[in-house]
Amino acid sequence: SHGAEVDFPVDGGEPIRVFTTRIDTIWGATFMVLAPEHPMVDGLLAGQKDAAARKEQVARLRSQDRRARLEGKVDKEGVFTGRYATNPFTNEKIPVWVGNFVLMGYGTGAIMSVPAHDQRDFEFARKYGLDVRVVIQPEGGTLDGATMEAAYDGLGRVVNSGEFDGLRADEAIPRMARPIDVQWASRR
C-alpha cells in the first residue's frame with residue numbers, strides 16, 4: 001500500500017506513528033487503536049488507574065488467534081489505555097485504545113481511527129460509544145455521523161476539515177501532506 005506516515009504526539013511520551021492510505025480523512029480521526037502486541041502498549045498502560053486489570057485484558061487480546069483476528073472472526077474488543085494523543089491536524093486530544101482488530105503485521109501496528117469512513121473503526125466506535133465525525137461527503141449525498149448505519153469509504157468532497165473543505169478527496173490527499181511533517185511511505 002502507498003500512503004503517509006503521521007506522528008500523533010502523546011502527552012509525556014513518544015509519539016505514535018500511524019500509516020494511512022487515506023490522509024484525506026485525518027480530520028475525522030476521533031481515536032487511535034494499537035495492536036495488542038504493539039511495543040508502546042505496556043508503557044501507555046504504566047501508571048494508569050487499574051493498570052493491572054487493563055494489562056490483563058490486553059494479555060487476553062494478545063492470546064486470541066492471529067488468523068481469526070485478521071479474518072475478522074472474533075468480536076471487536078478493546079481496552080482504553082487511559083492516555084490521549086493529539087491529532088496533528090485538529091489539535092484535539094483523542095483517546096488511545098488497544099484493539100484486537102489491529103495487527104502488528106500491517107503498517108505500524110497503530111491506526112488513526114476514522115469511524116465515519118472505515119467499517120472496522122465504525123463498528124468499534126459504536127460498540128464503545130466513540131465519536132463518529134464525517135469528513136467526506138459523497139457527491140450528491142449528506143452523511144450524519146450520529147445516524148449513519150455503516151461507514152462510507154468512498155471518495156467525495158472533503159468537509160469538516162478546515163482549509164481543505166470543498167476539495168475532492170483525491171485533490172486533498174497531496175495538499176494535506178504539506179502542513180505538517182508527513183512522510184510518504186509504502187507498507188505491507
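F31, F80, Y84, W97, F101, F124 and Y128 form one aromatic cluster. The model is predicted, so to speak by rule: local features need pLDDT of at least 70, side-chain atom pairs count only at pLDDT 80 or more, and totals for chains, interfaces and linings use all residues. Residues are numbered from 1 along each chain as its sequence is written, and side-chain values use heavy atoms, with hydrogens and water left out.

**Exercise 1.** Classify the ring pair of F19 and Y106.

*Solution.* Start with the cut-offs: rings of Phe, Tyr and Trp (its six-membered ring) pair if their centres lie within 6.5 Å, and planes under 30 degrees apart are stacked, over 60 edge-to-face, the rest tilted. Here the centres are 6.2 Å apart with 70° between the planes, which makes the pair edge-to-face.

**Exercise 2.** Now do F80 and W97.

*Solution.* Their centres lie 5.7 Å apart and the planes meet at 45°, so call this pair tilted. Then check accessibility (buried is under 20% relative accessible area, exposed over 50%, partly exposed in between; 1.4 Å probe, protein chains only). F80, at 24%, is partly exposed, while W97, at 9%, is buried.

**Exercise 3.** Which residues does I26 touch, leaving out those up to four places away in sequence?

*Solution.* Using contact as heavy atoms within 4.5 Å, you get V6, F8, N87, F89, M112 and M176 for I26.
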